[in-house]
Amino acid sequence: MKTFFPPNLISAVSLMVSSLLSLKSFADNPFAPGDGNMPKAPDIFNPVLRFVVCSDIHNRNDRFRDMMETSYALAEASPLYQKLDAVLVCGDFTDSGRYEEMERFADVLHGCVRTGTRPILCLGNHDFFACTRKGETAHGSTEDKFRALFGAEPDSVCEINGFTFLAASYDASGKHFFGKEKRDFYRTTLKKARLRSDEKPIFVLQHPHPVLTVYGSVNWADISTDLLWRRCPNVVNFSGHSHYPIGDPRSVWQGGYTALGTGSLKYFELEKELRCGYYGDIPDSSEQFYLVEADAKGSLLIRRYDLHARSFFGEPLYMEKPADKKSFRYTYRNRKASDGAPSFPEDALLSLSRNEKGEALLTFQTAQDRYEVHDYKYMVRDRMGKKVASGSVLAQYFLPDRKPRYMTVSLGRRCKVGEEYTVHVYACNCYYQLSRPLKKRLLLGE
C-alpha cells in the first residue's frame with residue numbers, strides 16, 4: 001500500500017507526470033490490455049534469428065569487442081540455434097566523428113565480427129561532430145567516411161532470415177531526419193516489409209529515441225521519426241542517445257509500435273527528481289546490451305546482459321505477436337499497473353550517526369520492488385516539526401551486481417548532537433509510486 005501524502009512537491013509533480021503518461025499510453029493504444037498482467041517467456045524458445053544491439057560506444061572499442069566475444073559464446077551455448085546473425089549499433093560509436101576514430105572502430109568491428117554475422121549501423125550526432133562542429137572535411141563528409149569504412153549507406157535496408165532491418169541515420173546536419181528522399185525510403189521499406197509479412201516484426205535502428213516513448217525520450221528524442229513508425233505496428237525500434245539505463249522498466253515501450261532504449265557501452269545518464277543530466281557516482285560504468293531472438297512466427301524474446309556482472313539481468317521480455325497492437329502489454333499504463341509500490345523489510349534499519357568530520361549520517365535498509373527502486377526520498381524534522389534536511393538519492397538499480405543492502409546519506413552539519421529528530425524515508429519506483437515510509441524518532445549521539 002502506498003502513501004497518499006507525497007513527501008515533497010517534486011513527488012507530487014512526479015505523480016502527476018505518471019498519471020499523464022498513463023493517459024497518453026491509453027491514447028496511443030486504447031485497445032491494449034491494462035490489467036497489469038505481463039507476458040511470461042516460454043521455457044523453450046526456438047529461434048530462427050538472433051542478433052545483439054548496443055549504442056553509444058564512444059570509443060570504448062574494448063567493450064564492443066567484449067560484447068561480441070560474449071555474444072558468440074552465448075549463441076554457441078544455445079541448444080537449439082547457435083548462430084549470431086547480426087549486430088546492431090545505434091550510433092555514436094565515436095566521440096567526435098574524426099576519421100581516425102571511425103577507422104579504429106571499423107578495424108575493431110571487422111576484426112571481431114565473424115563471417116555470418118551482419119553489422120548494421122546508423123550514425124549518431126557525435127559521429128557528425130568533426131564535420132558539423134570542426135569543419136574537418138579532408139576525408140569527405142560524415143556520410144562519405146561511413147561509406148568508405150563500413151561499406152554501407154547511412155540509410156540502409158537488408159533482409160536476414162526473412163526479417164527486415166532498416167537503419168535510419170541523421171541527415172547531414174547530424175540533428176534531424178529531414179528530406180523527402182530519406183522519408184520516402186523509410187515509408188517504402190516499411191510498406192514492402194509489411195506486404196511480405198504482416199505478422200513479422202520490422203527491426204528499425206536509429207540514434208535518438210522516438211519522442212515520448214522509452215525512458216529518456218522527453219529530452220533526447222526526435223519527433224519526426226515517431227510520426228513515421230506509428231503508422232506501422234510491426235516496427236520494433238532500437239534507439240540510444242540518452243544513455244539512460246536499459247535496466248529501467250521504462251526502457252521498453254509499446255504504443256502504436258514497439259520501442260526499446262539501448263543505453264550505452266560507456267556511461268549512464270539518469271534523471272533525478274525529474275531533472276536529466278545526472279551521471280551518478282560511478283563514471284564510465286555502463287556495460288549493457290540486448291540479445292534479441294525471433295522464432296519462425298515472429299515472436300520475440302529479448303534479454304538484457306551486463307558485461308560487468310557477466311550475466312543476464314532483469315526479466316526476459318517476451319512479445320508473442322509484436323505486430324498486433326491489441327496484444328501489446330509493454331505499455332506504460334500496463335507496466336505501471338503490474339508494478340505496485342516498493343516496500344521496506346519489516347524492522348528495516350534506520351539510524352542517525354556521526355562521522356569523523358562531524359557530519360550527520362542517515363543510514364537505511366534498501367527496499368524491494370517488482371522491477372526496480374529508482375530513488376529514495378528522505379525528510380528530517382526537529383522536535384518542533386521544523387524541517388532540518390530533505391532530499392533524494394538514486395538507488396543503484398542500474399548496476400545489477402553492485403546494489404547495496406544499505407544506503408547512507410550525509411546530512412552535513414545541520415543536525416545537533418543530543419537532539420532528537422523525526423526521520424521519514426520513502427522508496428520510489430520507476431513509475432513514481434511511493435512506498436509507505438520508514439519512520440522513526442532518532443537521537444543523534446556523540
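## Values against cut-offs

Biologist: Buried residues make up 58% of the 446 residues in the protein. What makes a residue count as buried?

Modeller: Buried means under 20% relative accessible area, exposed means over 50%, and partly exposed is what falls in between, using a 1.4 Å probe and protein chains only. This is a predicted model, where local features need pLDDT of at least 70, side-chain atom pairs count only at pLDDT 80 or more, and totals for chains, interfaces and linings use all residues. Residues are numbered from 1 along each chain as its sequence is written, and side-chain values use heavy atoms, with hydrogens and water left out.

Biologist: What makes Ala259 buried?

Modeller: Its relative accessibility is 0%, which means it falls under the cut-off and counts as buried. Ala259 sits in strand E11 (residues 258-261). Leaving aside neighbours within four places in sequence, Ala259 is in contact with Thr213, Val214, Asn237, Ser251, Val252 and Trp253.

Biologist: Why is Thr142 called buried?

Modeller: Because its relative accessible area is 1%. Thr142 is in helix H5, and, not counting residues up to four places away in sequence, Thr142 touches Met102, Leu123, Asp127, Phe128 and Cys131.

Biologist: On to the charges. How do you know that Arg98 and Glu136 form a salt bridge?

Modeller: A salt bridge needs a side-chain nitrogen of Lys or Arg within 4 Å of a carboxyl oxygen of Asp or Glu. The N to O distance for Arg98 and Glu136 is 3.9 Å, and the pair passes. Arg98 is in the loop between strand E2 (86-89) and helix H3 (99-112), Glu136 is in the loop between helix H4 (129-132) and helix H5 (142-150), and the pair links parts of the chain 38 residues apart. Arg98, at 36% relative accessibility, is partly exposed, and Glu136, at 35%, is partly exposed too.

Biologist: What makes Asp198 and Arg194 a salt bridge?

Modeller: Their closest N and O atoms are 2.9 Å apart. Asp198 has a relative accessible area of 39% and counts as partly exposed, as does Arg194 at 29%.

Biologist: Why is it said that Lys403 and Glu372 tie parts of the chain together?

Modeller: First the pair itself: the closest N and O atoms of Lys403 and Glu372 are 3.0 Å apart, and they form a salt bridge. Lys403 lies in the loop between strand E20 (387-394) and strand E21 (406-410) and Glu372 in the loop between strand E18 (360-365) and strand E19 (373-381), so the bridge ties together parts 31 residues apart in sequence. Lys403 is partly exposed at 44% relative accessibility, whereas Glu372 is buried at 13%. Elsewhere, salt bridges with shared partners join Lys24, Asp28, Asp226 and Arg230 into one network. The search of the whole structure finds 31 salt bridges.

Biologist: What makes phi of His58 worth a remark?

Modeller: Most residues other than glycine have a negative phi. His58 is not a glycine, yet its phi is positive, about 50°. His58 is in the loop between strand E1 (47-54) and helix H2 (61-76) and, at 2% relative accessibility, counts as buried.

How values were computed: Helix = DSSP H or I, 4+ residues; strand = E, 2+ residues; numbered from the N terminus. Contact = heavy atoms within 4.5 Å.
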